Amino acid sequence: MFEPTVETGYDYLMQLQAYSGVTFGETDLELVHELYLARKAFAGDAGAQTELDAVASLLAQLQISDARAALLALTNPALPGDLNGDGFVGIADLNLVLGNWNQNVAPGDWLLGDPSGDGYVGIADLNVVLGYWNTGTPPAGAVVPEPASFGLMMAVSALTLCRDFVRK
C-alpha cells in the first residue's frame with residue numbers, strides 16, 4: 001500500500017502513477033485528502049455528508065474537475081468569513097480560527113480556519129472573520145450576540161493574542 005507521508009509527501013504515489021502511465025497529478029491526489037478533511041469537519045452534518053458522498057462518487061468515476069468543483073462549493077462559502085458554510089459569520093467560524101491558531105494548514109483551507117489563503121492560521125484569518133462578523137442569515141434557532149458582546153469578544157481575543165505573542 002502506498003500512502004502519502006509527512007516525510008515523502010506524495011512522491012511514491014507520483015512514481016507509481018508515472019510508471020502506470022496515468023495522467024493525474026499531485027493536486028488530484030491532494031483532493032482525496034481534502035475530501036477526508038471535509039468529512040471530519042462536517043462529521044455531524046448529514047446533509048454535508050450526502051454531498052461529500054457525491055464528491056467521493058465523482059472521484060471514483062475519475063471525474064476529477066467535477067469532484068473538485070463540488071467540494072469547493074461545499075467547503076468555500078460565498079460569504080467570506082463563513083468558514084463552516086452555514087450562511088452566517090459568527091462564533092462557530094471564530095472557533096475554527098482560534099481552534100487552529102498558529103498552525104500551518106493547506107493554503108486556503110476554510111475548514112481549518114484559513115480564509116486568507118496564506119497557509120497559516122493567524123491574524124489575517126481572524127481579520128477576515130471579524131471583518132464579516134454578524135453578516136449573513138443566522139441558522140434557525142441560533143442566538144445572535146448583542147453588539148456589546150462583540151466588543152467583549154474583541155477584548156478577549158486581543159488579550160489572547162498578546163499572551164501568545166509574549167510567550168514567543
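Colleague: Which helix holds His33, and is His33 buried or exposed, or something in between?
Modeller: This is a predicted model, where local features need pLDDT of at least 70, side-chain atom pairs count only at pLDDT 80 or more, and totals for chains, interfaces and linings use all residues. Residues are numbered from 1 along each chain as its sequence is written, and side-chain values use heavy atoms, with hydrogens and water left out. His33 sits in helix α2. Buried means under 20% relative accessible area, exposed over 50%, and partly exposed in between (1.4 Å probe, protein chains only), so His33, at 40% relative accessibility, is partly exposed.

Colleague: How far apart are the C-alpha atoms of His33 and Pro4?
Modeller: Along the chain, His33 and Pro4 are 29 residues apart.

Colleague: How many helices and strands does the protein have?
Modeller: Both come from DSSP runs, numbered from the N terminus: helices are H or I with at least four residues, strands are E with at least two. The pattern along the sequence reads α-α-α-α-α-α-α. The count is seven helices and zero strands.

Colleague: How are α5 and α6 arranged relative to each other?
Modeller: Two packed helices are described by the angle between their axes and the distance between the axes. Axes are lines fitted to C-alpha atoms, for helices over the stretch in contact, with angles from 0 to 180 degrees between N-to-C directions. The axes of α5 (residues 91–99) and α6 (residues 123–131) come within 10 Å and cross at roughly 175°. Angles under 35 degrees count as roughly parallel, over 145 as roughly antiparallel, 65 to 115 as roughly perpendicular and the rest as oblique, so α5 and α6 are roughly antiparallel.

Colleague: Which residues of α5 and α6 meet?
Modeller: From α5 come Asp93, Leu94 and Val97. Across from them in α6 are Asp125, Leu126 and Val129.

Colleague: Is Gln17 buried or exposed, and which backbone oxygen does its side chain reach?
Modeller: Gln17 lies in helix α1 (residues 11–20). Its relative accessible area is 12%, so Gln17 is buried. The Gln17 side chain reaches, at 2.9 Å, the backbone oxygen of Phe24.

Colleague: What is phi of Asn102, and what is phi of Asn134?
Modeller: Most residues other than glycine have a negative phi. Asn102 is in the loop between α5 and α6, and Asn134 is in the loop between α6 and α7 (147–167). Phi of Asn102 is positive, near 70°. Asn134 is not a glycine either, and its phi is positive at about 65°.

How values were computed: Contact = heavy atoms within 4.5 Å. Polar contact = N/O pair within 3.5 Å; in protein donor to acceptor, adjacent residues only side chain to side chain.
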